[in-house]
Amino acid sequence: MLLQFLVGTLVSAITIGIHALVTIVAVSIARTAGLRPTGRPRLHLMGVMIATAAVLQIAHTLEVLVWAGAYGVVQAAASDSGLLYFAFVNYTTLGYGDITPVREWRLIGPLTAMNGVLLFGWSAAILFEVLRKTLDHLGMTEASNDPERTDVRRRLV
């Protein structure tokens, strides 16, 4: 059981590192694209949000690949069972149950799911912050039109 927790912790640390790196990239892209002057604010907002979501989706796919690789290394399931599919089902907490881990690795699925939930929540926070910052920049929020509220928020951050 301890080995399962160690492997799960190691793989989680790797995927969290990937997500941290992608967060930096996504925020950088959002800043660069989101703060450009534009004559079409709604289209601009859509573009920024689509680009941010696409980068995050690529990150999640890469993280699932890391989990699938770990499953293969530790032989958590039968090699012919489709480890990538098994990793996706666990990471997204879909939990079909049509593929199950070998008895010695039965905690790996819940550890994967816990990591996936954490990283999906993190992605939702990134998307929300990019949306908020872009809306403020485009002057599409109440706060962005009120200089006093904007000034207070800047001092708080």
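This is a predicted model: local features need pLDDT of at least 70, side-chain atom pairs count only at pLDDT 80 or more; totals for chains, interfaces and linings use all residues.
View 1. Leaving aside residues up to four places away in sequence, Ser123 touches His19, Leu56 and His60.

**View 2. The largest nonpolar core.** This core contains 17 residues. Trp67, Tyr71, Ala87 and Ile108 have the most contacts inside it. Four helices, α1 (2-34), α2, α3 and α4, each give two or more residues to the core. Helix α2 gives the most, with five residues. In soluble globular proteins, nonpolar side chains tend to be buried together.

**View 3. Ala87 and its contacts.** Ala87 is among the residues with the most contacts inside the largest core. Ala87 touches Val64, Trp67, Ala68, Tyr71 and Thr112, with residues up to four places away in sequence not counted.

**View 4. A nonpolar patch on the surface.** Leu62, Leu65, Leu84 and Phe88 make up this patch. Together they have about 330 Å² of accessible area. Helices α2 (41-74) and α3 (83-91) each supply at least two of the patch residues.

**View 5. Leu65, one of the patch residues.** Leu65 lies in helix α2. Is Leu65 buried, partly exposed or exposed? Leu65 counts as partly exposed because its relative accessibility is 45%.

Methods: Residues are numbered from 1 along each chain as its sequence is written. Side-chain values use heavy atoms; hydrogens and water are left out. Patches are made of residues with over 30% relative accessible area and no salt bridge: like charges are joined within 9 Å, nonpolar side chains (Val, Leu, Ile, Met, Phe, Trp, Tyr) within 5 Å. Accessible areas come from the Shrake-Rupley method with a 1.4 Å probe; for residues, only the protein chains shown count as cover. A salt bridge is a side-chain nitrogen of Lys or Arg within 4 Å of a carboxyl oxygen of Asp or Glu. Buried means under 20% relative accessible area, exposed over 50%, partly exposed in between (1.4 Å probe, protein chains only). Contact means heavy atoms within 4.5 Å. A nonpolar core is a set of buried Ala, Val, Leu, Ile, Met, Phe, Trp, Tyr and Cys residues joined through side-chain atoms within 4.5 Å.
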